[in-house]
Amino acid sequence: MPTAAPAAPLTSTTIDGAIDHLQATYPKAVSADNREGYGGIIVESAQLLDVARFIRDELGFDYLSSATAVDYLGAGDHMEMVYHAYRSSGGGALVFKAQTERDQAEIPSLVSVWRGADFQEREAWDLYGIHFPGHPNLKRILMWEGFHGHPMRKDWREAYYEEEQKPFDSRWPGGHVHRAEEKNVFGKNVSYPREIDLSRLMDTSESAVYQSLGLGVDVERVMDKDGFETNELVVNMGPHHPSTHGVFRMVLTVDGETVTSLEPVMGYLHRNHEKIGERNTYLHNIPFTDRLDYISSMGNNHGYVLAVEQLLSLGRRYNQPTYRCEVLRVLMVELSRIVNHLWAIGFWLNDIGAFFTPVLYFIQERERILDFFEAVAGSRMMCNYMRFGGLFGDLPERIKSVSNLTNDRARDYNTIQFLTEMVSERIPRTIDELEQLLTQNEILIERSVGVGVLGAADAINYSAAGPLLRGSGVPYDIRRADPYSIYDELDFDVAVEDAGDMYARYRVRVKELRESVRILRQLLPRLEATKGQSIWADGKPGAYAPRVPLGEAYGRVENGKGELGYYIVSAGGKSGTSNPWRYHVRAPSFINLTPMGIMSQGYKVADIVGILGSIDIVLGETDR
Amino acid sequence: MYGTGLAKGLMLTLRHFVDSYIDDIRYGFRKYSHSVDNFGIRQGTQTKGVITVQYPDEKVAVPERFRFVPFLIVEDEYHPTRAGKDWCTSCGICAKVCPPQCIWIVRGNDPATGRPVPEPEAFFIDIDICMNCGYCAEYCPFDAIKMDHDYELASYDRTTHHIHDKERLSKPNSYWRSIAPTRAYEEMLARGTWEHKDAAKEARRGKSSSRSAPRPAAKPAPAPATKEAQPTPEPAVNAAPAPAAAAEGTTPWSEDDAKREERRRKALERKARRAAKRGG
């Protein structure tokens with residue numbers, strides 16, 4: 001990249017230029033992160049707020065993508081918050097970090113600078129026990145308030161703890177089988193913080209259910225300012241509610257039918273994916289990423305392998321994926337984007353009342369795509385297809401082979417023929433049908449236009465991503481803003497709509513479906529041209545325990561639901577293992593819920609269901 | 001005009017509705033018969049309308065790469081020398097690459113020498129934990145563990161049925177060739193033989209190299225007989241059965257035997273010397 005002329009405004013300097021400028025402005029507070037394999041800057045936490053404001057306002061990094069904590073126990077014994085800020089106009093990340101002690105961990109909250117830090121700081125408090133002075137609502141977010149300890153800390157051990165890192169020694173060569181729960185019976189290993197009142201668990205009164213939320217509303221009796229009882233009341237939706245797309249809970253305060261505030265409550269599907277990820281080896285994590293956003297597992301794989309490949313490329317023995325490998329990756333990712341959007345639109349329609357007719361038309365097409373995934377990767381949803389520097393396998397010759405065709409000769413297609421037919425006929429036909437069915441539908445328009453509005457400035461400030469951000473008039477698509485894989489040579493447009501309402505998000509998804517088909521059309525000749533080329537740079541599959549050099553990496557992709565990022569820290573050879581030291585998932589479903597509160601204010605309860613559907617969350621990823 | 005968008009959408013629903021009847025008439029309601037031949041009518045690309053598969057009466061075939069709980073390959077029972085022998089050498093790679101760590105292997109030891117032998121003594125997979133990722137099959141250097149296509153594993157009691165032991169896991173090589181012929185063929189090309197790698201190695205050396213297994217008293221049958229005994233593997237037969245190829249070699253069996261015995265004696269001597277040195 002050409003270096004910016006000195007006269008150029010600060011908001012368009014290069015990353016290095018921005019860092020130089022920061023160091024010049026805050027010589028005492030800002031220092032370069034010189035650890036091996038690391039980048040960015042370390043900011044004194046006392047000055048963090050000022051520096052963050054400067055980064056946002058003067059340097060133009062207005063989009064805080066990710067904020068997460070790392071516990072360096074035994075490697076400096078400190079906690080660290082890592083922030084990745086981007087410009088909404090595109091370009092790379094400005095990575096800045098703030099460090100603190102492990103006990104009495106405290107870092108100023110950045111919620112006043114980026115509202116998008118809200119849930120992420122709560123998560124860091126919940127999982128790492130870092131206190132954020134200035135945070136408006138610093139409560140546990142994924143664990144319940146009676147949880148003892150902060151589970152992501154390196155010295156915290158889970159109930160079925162076996163060993164620090166996989167592979168466990170007990171499996172081989174003297175592997176005597178046991179069930180974890182037999183060794184460690186539930187009840188014997190549960191501890192509670194001293195201040196928690198367990199009798200509350202037996203309390204079934206209304207107020208207890210909402211006690212932890214801090215709504216400021218006495219549920220049983222709400223008075224207005226004149227002392228009259230009003231009809232403002234608290235309505236609980238979920239976790240077991242068909243419209244919350246899983247085990248998501250919303251607590252609404254309503255005045256009549258109008259929502260005055262909304263508090264998302266999550267964590268019912270929490271399994272501490274990141275802790276599991278740190279026990280796992282790098283390779284083990286790939287199938288685990290499938291289980292995050294289980295609608296588009298190919299995209300999850302892609303983000304993760306990109307992050308680990310960034311780390312691997314720091315080492316000597318690393319080969320770039322071949323061109324065919326990249327083509328296949330993009331092919332899979334775009335197909336899963338189509339699946340994701342068909343699913344999202346379909347279930348959003350369910351939410352606003354078009355019950356199951358449209359979604360079943362879309363699912364019919366999705367099934368075909370899943371047939372293809374199954375033939376290529378071996379599984380319909382948990383694809384586990386990508387590997388570091390390669391893939392599980394090339395395309396098979398046929399979708400079904402000569403085996404197993406007892407009753408299924410009908411589906412034995414040539415793979416390329418099948419794919420061509422999908423891309424050139426079936427998928428476009430489905431999108432046309434979708435548009436015919438819905439886009440001009442008056443009921444749909446009346447339900448969705450002007451509902452759930454999120455302005456462009458808010459969308460950026462709340463770190464919204466994906467169709468939620470682009471539906472608010474911000475043309476930010478990572479495939480264009482910070483291209484990865486072969487997206488820079490593909491011809492497609494960033495879908496964007498200005499209105500910021502549910503209908504705009506629907507339109508963005510439809511446009512993206514068409515853009516994905518456009519990309520797929522460009523991939524078919526590339527597949528033909530690279531036929532016979534190996535998917536591995538050196539012709540043979542990668543090792544099962546690759547040596548990952550010391551360092552940090554942030555790999556992000558534009559997934560169907562938004563920006564999916566993986567922040568990975570490798571301890572390198574120091575720990576002598578192939579396990580990541582830190583494995584963080586920047587989940588779009590999770591962070592896109594941050595603006596849910598402001599998007600819902602002033603709308604009716606029935607609209608809330610639609611607004612949630614238009615964000616498009618999946619709880620496997622939200623709760624991790 | 002208000003309502004045109006609505007009407008347009010409803011026309012589409014109507015078309016879907018009518019299409020399924022047109023389809024019925026076109027195939028004379030054969031769509032609904034349970035005959036295997038008619039499955040294609042319901043599930044083909046041209047099908048319109050209702051496309052339900054009547055599981056469990058009908059099943060959609062799975063593709064070759066489909067992966068469900070793994071199984072272990074043992075040599076076919078008609079194999080002349082290694083019938084029923086595990087392909088697994090208990091190297092432990094599958095247990096290491098297993099993300100949820102659901103594989104337990106007990107490495108076999110030679111009772112006489114106490115040294116590990118390339119054969120698992122016990123092999124367990126907890127199918128409740130298995131996440132069907134397929135890594136074990138992918139990284140197995142001996143093609144000894146494969147992902148199965150049998151997805152109907154429900155049972156009434158998980159404590160007794162859901163930990164598969166070696167007996168339950170073992171399936172003959174011919175089964176793998178039948179469920180995944182293309183892949184089995186590709187693997188054969190990579191391996192150079194339809195048999196286990198070790199079997200091929202033995203064959204090249206001209207005899208069993210397995211240190212643990214008692215050497216078969218009888219030499220392998222002469223080449224033509226072996227060929228007959230081995231049914232022709234589908235789909236291609238260009239790889240001749242390896243033992244046969246070896247038997248056609250020029251080296252007489254006994255000479256090699258002697259050499260091997262000599263090597264073994266020398267190795268034992270060296271070992272004894274080392275032990276003496278350490279002891280002294």
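Which residues is A:Val308 in contact with, once its neighbours within four places in sequence are left aside? In this predicted model, the list is A:Tyr282, A:Phe388, A:Val548 and A:Ile568. A:Val308 also turns up in the largest nonpolar core, a set of 194 residues in which A:Ile130 and A:Val308 touch the most other members. Helix α9 of chain A, residues 323-352, puts in the largest share of this core, with 16 residues.

One of those contacts, A:Ile568, leads on to a sheet. A:Ile568 has A:Tyr583 as its bridge partner, and A:Tyr583 sits in β13(A). Strand β12 of chain A (residues 562-570) pairs with β13(A) over six bridges, in the antiparallel sense. The whole sheet is an open one of three strands, ordered β11-β12-β13 in chain A, and its pairing is antiparallel. β11 (551-559) and β13 (580-586) of chain A are the edge strands; each has a single partner strand, so one side of each goes without a neighbour in the sheet. From one strand to the next, the twist averages 10 degrees. Helix α8 of chain A, residues 297-312, packs on this sheet and touches β11 and β12 of chain A. The direction of the helix makes about 155 degrees with that of β11(A).

Chain A holds another open sheet, this one of five strands, in the order β1-β2-β5-β4-β3. Here the pairing is mixed. As a reminder, strands of a sheet pair through backbone hydrogen bonds, and they can do so in parallel or antiparallel fashion. At the edges stand β1 (30-32) and β3 (63-72) of chain A, and since each has a single partner strand, one side of each is left without a neighbour in the sheet. The twist in this sheet averages 25 degrees from one strand to the next.

β2(A) and β5(A) run parallel and are paired over three bridges, with A:Ile41 standing opposite A:Phe96 in β5(A). β4(A) and β5(A), on the other hand, run antiparallel and are joined by eight bridges; in β5(A), A:Val95 stands opposite A:His84. Strand β4 of chain A (residues 78-86) is also antiparallel to β3(A), and nine bridges join the two. A:Thr68 faces A:Val82 of β4(A) across that pairing. Lying across β1, β2 (41-43), β4 and β5 (94-101) of chain A is helix α2 of chain A, residues 48-57. This helix runs at about 175 degrees to β5(A).

Is A:Ser191 buried or exposed? A:Ser191 counts as exposed, because it has 9 C-beta neighbours inside 10 Å, and the cut-off for exposed is 12 or fewer. In sequence, A:Ser191 and A:Val51 are 140 residues apart; in space, 40 Å separate them, C-alpha to C-alpha.

Now for the other chain. Chain B has twelve helices and six strands, and 29% of its 280 residues count as buried. Among the contacts in chain B with a separation of 6 or more, 67% are between residues 24 or more positions apart.

How many residues does each chain bring to the contact between them? Chain B brings 54 residues and chain A brings 50 residues. On the chain B side, at least two residues each come from α1 (4-26), α2 (39-43), α3 (93-97), β2 (103-109), β3 (116-126), α4 (135-139), α7 (173-179) and α8 (181-191). The most comes from α1(B), which gives six residues. By type, the side of chain B that touches chain A splits into 28 nonpolar, 16 polar and ten charged residues.

Last, the confidence scores. The model has an ipTM of 0.80 and a pTM of 0.83. For chain B the mean pLDDT is 74, and 72% of the residues of chain B reach 70 or more. Residues 208-255 of chain B have a pLDDT below 50. Even so, this stretch has 66 contacts in the model beyond near neighbours in sequence.

Definitions and conventions:
Residues numbered from 1 in each chain as written. Chains lettered and ligands numbered in written order. Predicted model: local features only at pLDDT ≥ 70, side-chain atom pairs only at ≥ 80, totals over all residues. Contact = placed C-beta atoms within 7 Å. Helix = DSSP H or I, 4+ residues; strand = E, 2+ residues; numbered from the N terminus. Nonpolar A, V, L, I, M, F, W, Y, C, P; charged D, E, K, R; others polar. Buried ≥ 20, exposed ≤ 12 C-beta atoms within 10 Å, placed from the backbone. Pairing = 2+ DSSP bridges. Axes fitted to C-alpha atoms, helices over the stretch in contact; angles between N-to-C directions. pLDDT = per-residue confidence, 0-100. Core = buried A, V, L, I, M, F, W, Y, C linked by C-beta atoms within 7 Å.
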